[in-house]
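Grab a pencil and let's work through a few exercises together.

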Number of protein chains: 2
Amino acid sequence: MTTQELLQRAKGAKSAMALAGTQTKNKALLAMADALERHQEAILAANRLDLDAARGTVSDVMLDRLALSPERISGMAQGVREVAALPDPVGTVLNRVERPNGLVVEKTAAPMGVIAIIYESRPNVTSDAAALALKAGSACVLRGGKEAHRSAAAIVEALQEGLTAAGLPQDALCLVEDTTRQSATELMCANGLVDLLIPRGGAGLIRSCVENATVPIIETGTGICHIYVDKDADLEMALDIVENAKCSRPSVCNAAEVCLVHEAAAPEFLPRLAQRLAQVELRLDPGAARIIAGTPAGDQDFDTEFLDYILAVKLVSGVEEAMEHIAAHSTHHSEAIVTRNPETAQAFLRGVDSAAVYHNASTRFTDGGEFGLGCEMGISTQKLHARGPMGLMELCTLRYVIRGQGQIR
Amino acid sequence: MTTQELLQRAKGAKSAMALAGTQTKNKALLAMADALERHQEAILAANRLDLDAARGTVSDVMLDRLALSPERISGMAQGVREVAALPDPVGTVLNRVERPNGLVVEKTAAPMGVIAIIYESRPNVTSDAAALALKAGSACVLRGGKEAHRSAAAIVEALQEGLTAAGLPQDALCLVEDTTRQSATELMCANGLVDLLIPRGGAGLIRSCVENATVPIIETGTGICHIYVDKDADLEMALDIVENAKCSRPSVCNAAEVCLVHEAAAPEFLPRLAQRLAQVELRLDPGAARIIAGTPAGDQDFDTEFLDYILAVKLVSGVEEAMEHIAAHSTHHSEAIVTRNPETAQAFLRGVDSAAVYHNASTRFTDGGEFGLGCEMGISTQKLHARGPMGLMELCTLRYVIRGQGQIR
């Protein structure tokens with residue numbers, strides 16, 4: 001099927017999804033989870049073909065992300081069941097006013113329509129993204145990476161079985177067959193067919209969407225996150241937070257990449273940091289390099305999402321300079337200050353323009369689950385619509401519903 | 001000054017605007033309103049030059065929109081004072097959760113940064129748009145139509161005087177000097193400098209922004225609004241609503257362009273409609289044409305925003321067909337059903353995917369003031385971020401502010 005045909009089918013299914021009640025959607029999600037487990041063998045067989053084809057052409061990290069196992073499939077099914085358990089956002093009355101003329105104006109959450117997701121070769125994203133989009137009352141079009149296409153097709157086939165078992169249209173969940181660049185371009189420019197496009201992947205994919213998409217998109221992901229250790233910081237707390245933010249999972253977007261240190265705290269803090277982060281390569285600005293040993297920071301080191309055991313370190317004269325550096329170099333994802341001084345903390349919390357701004361906590365908490373939103377579709381780093389973790393409500397649009405008795409203006 | 005230089009200046013002013021307190025912003029707005037009135041003569045003189053240059057080259061309607069008078073300038077000043085009186089959205093806590101680990105996560109409204117507005121030759125938009133953007137804590141870049149450029153420059157000069165009188169940076173309000181296409185294109189592609197672009201104008205401008213912009217935009221405006229008169233309608237109410245929606249101000253986006261009539265109601269309703277809308281040209285589908293006299297509807301008449309005393313009329317077999325027609329032809333702005341049947345009304349309110357959906361009221365109420373939002377920047381017809389009237393809150397982004405005591409994950 002061509003991508004255009006597939007988009008037309010998804011559009012045809014959006015009304016049924018929008019009108020589906022909570023019970024129907026949850027029944028479908030639970031059936032989708034069961035079908036994933038029931039079709040485990042077929043999914044694993046497809047995954048083995050993907051792995052065989054990919055071996056030797058992609059990195060070990062990518063092979064690991066691509067590989068499925070009975071445990072991973074159970075985890076995917078469990079993820080879909082968790083989405084079923086979340087409250088249904090559709091129809092939620094966000095605001096209600098009765099006007100002097102008697103009109104009752106309700107601002108309500110409403111389904112987006114068709115949500116398209118372009119992602120990379122991670123089979124588990126297939127079920128995560130589908131579950132969230134469908135629960136939010138939208139039809140879902142998935143376009144995964146080519147290395148995982150056989151796996152994704154087997155997963156989608158199982159999920160569609162669950163969908164139709166609950167009486168919902170199979171076309172509400174579509175996998176794009178073409179995995180060349182062309183299909184990505186078609187999705188980016190499918191005005192009138194795609195209501196929202198979410199790219200989930202590396203910086204190149206995101207940039208391509210920003211530059212080329214004419215449909216509405218939400219940028220996700222890239223995080224050059226900063227931690228500022230103030231002169232009034234509890235240094236033991238600062239060590240814990242920097243270590244956690246850098247080392248607990250370096251490959252994720254909420255990991256820290258840069259540590260800014262107040263020059264008054266640096267002589268005591270930096271030697272302890274170097275000791276605590278023994279497994280991390282420190283890239284030092286000239287000020288930090290005068291205090292501890294490490295790699296001299298290069299031109300790009302304060303503008304790079306390392307996603308690795310590397311941390312750029314820079315001395316600053318205070319919270320103002322820290323905020324200026326962040327304004328100039330951050331991707332506006334997550335930044336933290338460590339200080340015992342409430343005024344300095346307040347200046348940082350007010351002045352830093354990022355999706356999440358922390359006082360005395362690790363940037364690693366920027367996550368839908370950790371914020372209490374339930375599962376998430378990704379972390380938005382843009383300012384429109386959704387910023388930070390995107391849960392079910394963020395996958396909805398809104399509608400004003402107005403009830404009158406013949407009012408005219 | 002080049003547009004790039006101007007954008008850099010606006011970017012430099014955004015932090016001061018973001019950190020400005022409510023009192024400071026209100027003081028600035030009141031001073032801006034006073035300055036408009038104080039500089040009335042200079043503004044009128046500039047406007048006369050614009051009018052002299054435009055006469056003979058543009059329509060009378062456009063000349064009327066372009067013309068200022070002491071009364072219109074007072075009206076503009078009054079509009080700015082009304083914005084000063086509105087609650088400040090910046091810092092509003094939209095949601096607050098305390099997590100089991102003790103983290104307090106607050107979702108707060110935050111300034112967008114730099115808001116750029118491309119508009120046409122309507123001088124009054126200059127002060128309206130500036131007041132709203134500045135009150136929302138953003139720097140504002142205006143790019144008006146070339147016919148009104150002298151007027152806009154005089155207005156901006158007065159407004160800047162008010163801004164600086166309150167200690168805010170003059171660069172927080174900038175007027176683009178270049179009124180050629182190039183400056184519009186530069187704004188559309190000023191990633192990293194423009195945080196939000198709002199085109200306010202005709203369909204051509206909006207389409208150009210959708211197709212070419214790489215910065216985030218909010219589409220405003222185009223309204224092909226429908227009224228469905230059901231078989232169970234109170235026909236007298238239906239006549240009042242259709243007349244109001246079509247005739248009270250045909251040139252605005254919330255005016256009705258299409259009337260869908262249940263075929264069972266048509267024999268009684270249509271003759272009364274023709275009588276009531278004697279000054280309106282009715283463009284009739286074959287079904288309606290069998291009942292009353294009028295122009296036969298052409299191919300485009302159900303897909304045109306007439307903005308004039310013209311109404312397309314079509315018979316439908318019921319609410320389902322009405323909703324199908326709307327889904328295929330609407331710009332998803334505002335649609336209304338007139339019926340006494342609560343089930344039919346509910347089907348319409350649930351099933352129509354537009355920014356505003358009405359039961360027994362005129363589509364003309366889609367307006368920030370009428371919805372209780374105060375002044376508005378325009379009516380969004382897109383699904384991301386803002387949908388329907390955009391008040392101050394819709395000009396904000398959000399930030400998560402998280403306070404901890406050393407939590408790590």
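**Exercise 1.** Find out whether A:Phe348 is buried or exposed.

*Solution.* Keep in mind that this is a predicted model. The relative accessibility of A:Phe348 is 0%. Buried means under 20%, so A:Phe348 counts as buried. A:Tyr228 also has 0% relative accessibility, so it counts as buried too.

**Exercise 2.** Work out how the rings of A:Tyr228 and A:Phe348 are arranged, and which elements they sit in.

*Solution.* Start with the numbers: the ring centres are 6.5 Å apart and the planes are at 20°. Planes under 30 degrees apart count as stacked, so this pair is stacked. Next, locate the partners: A:Tyr228 is in strand β7 of chain A (residues 225-229), while A:Phe348 is in helix α14 of chain A (residues 342-351).

**Exercise 3.** Classify the ring pair A:Tyr400 and B:Phe371, then say what it joins.

*Solution.* Here the centres are 4.8 Å apart and the planes at 45°, so the pair is tilted. A:Tyr400 belongs to strand β16 of chain A (residues 396-407), and B:Phe371 to the loop between β13 and β14 of chain B, so the pair joins two chains. A:Tyr400 is buried, with a relative accessible area of 4%; B:Phe371 is buried, also with 4%.

**Exercise 4.** Describe how chain B can be laid on chain A.

*Solution.* Turn by 180° and shift by 0.0 Å along the axis; the RMSD is then 0.0 Å. The two copies are thus related as by a two-fold rotation axis. In chain B, the C-alpha nearest that axis belongs to B:His385, 1.8 Å away from it.

Note on methods
Residues numbered from 1 in each chain as written. Chains lettered and ligands numbered in written order. Predicted model: local features only at pLDDT ≥ 70, side-chain atom pairs only at ≥ 80, totals over all residues. Heavy atoms only, no water. Least-squares fit on C-alpha atoms with pLDDT ≥ 70 in both. Phe/Tyr/Trp six-rings, centres within 6.5 Å; stacked < 30°, edge-to-face > 60°. Helix = DSSP H or I, 4+ residues; strand = E, 2+ residues; numbered from the N terminus. Buried < 20%, exposed > 50% of the residue type's maximum accessible area, 1.4 Å probe, protein only.
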